[in-house]
Amino acid sequence: MAETGASPLPSSSPAHTPLARAEQFLWLTARVLEQRRFAYYFLDGEADAVETALAAYRNADEGYGHGLEPDLRGPVSQPLHTGHALRVLDSIGRCGGQRVERVCRYLTSVSTPDGALPAVHPSQHGYPAAPFVPIVDDPPGDLLATGPVVGLLHRNQVWHAWLFRATDFCWQAVESLKKSHPYEVHAAVAFLESVPDRPRAQAAADRLGRLVRDHRLATLDPGRPNDYPVAAGYAPGEHHYPHDFARTPESLARAWFTDEEIARSLDFLESEQTEDGGWPIRWRQWAPSTAMESRPIVTIEALRTLRAYGRPIG
């Protein structure tokens, strides 16, 4: 039993590193999936354990539901849930084979007439969803839902008939952007990072980077956030920083920012870790459970970004 009045551990102790503090936060608050992901990324955990936890969200139609993406509740499969699942599988080296071919059959079944994915399929009617997520009976194709999925499938050299029209949709959407907002830019980058036509992707990324800077979509000075507008419909303070666009040094978006801008952004990301060990969410919090489920996801991504740039996390 510890002595009464014992001195606390110094801040340099391994128990007080960003990783150790985040670990305590994850064990306290996270879903099993995020606990397994944390263990895989940082504690030499097994990929099989991540995949087993992810399987709980899979439906008979081979899409994913059950609140995997916390802002959409209910059991039904949705493109956003399924894109989330593919990102998890990609991160553990399991985004391929018959598993993903079956996912592509689901994607085909919910695609719009132009071959893309809707942001939200009408099956979401009757289940809770974030108020900023529109649910309509005949949704259009959406770059936010389609771009990351197409990018991941190309990254993993998955070839399926669904990809051809979906890739054409993404090219047209990305190359026609005259204005945008941060989440759409993230989706465009996810597509461009892995699409096979690399010269075309580089040219599109260069143009997109100029748009981001010209329209001040990235908060380049975290100490002066009010100098940068928040996109229409976003929550107050829902700024996006250089590290949000370029999550690794290898990202196409890294070239959009100077070394100084990236360094300031990463300094800010480090400073955002809160007293409980987790990182905050910036988007609109509409239900306690969704905020609680989202923070571990954001915390894992913050740690992965810091590690990718060589920042010490513990």
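Setting aside neighbours within four places in sequence, Y41 is in contact (heavy atoms within 4.5 Å) with S91, I300, R304 and R307. This is a predicted model, in which local features need pLDDT of at least 70, side-chain atom pairs count only at pLDDT 80 or more, and totals for chains, interfaces and linings use all residues. Residues are numbered from 1 along each chain as its sequence is written, and side-chain values use heavy atoms, with hydrogens and water left out.

Y41 sits in helix α2 (residues 32-42); helices here are DSSP runs of H or I with at least four residues, numbered from the N terminus. With a relative accessible area of 9%, Y41 is buried, a term for under 20% relative accessible area with a 1.4 Å probe and protein chains only.

Here are some distances to look up in the model.

| Pair | Atoms | Distance |
|---|---|---|
| Y41 and S91 | side chain to side chain, polar contact | 2.5 Å |
| D142 and L144 | side-chain oxygen to backbone nitrogen | within 2.8 Å |
| Y41 and A30 | C-alpha to C-alpha | 15 Å |

A polar contact is a pair of N or O atoms within 3.5 Å; within protein, one must be able to donate a hydrogen and the other to accept it, and residues adjacent in sequence count only if both atoms are side-chain atoms.

Now to α6. Of its 13 residues, 11 are buried, including P148 and H154. These buried residues pack against α4 (79-91), α5 (97-110), α7 (161-175) and α8 (182-192). After α6 comes Q157, with a positive phi near 55°.

Notes
Buried < 20%, exposed > 50% of the residue type's maximum accessible area, 1.4 Å probe, protein only. Helix = DSSP H or I, 4+ residues; strand = E, 2+ residues; numbered from the N terminus.
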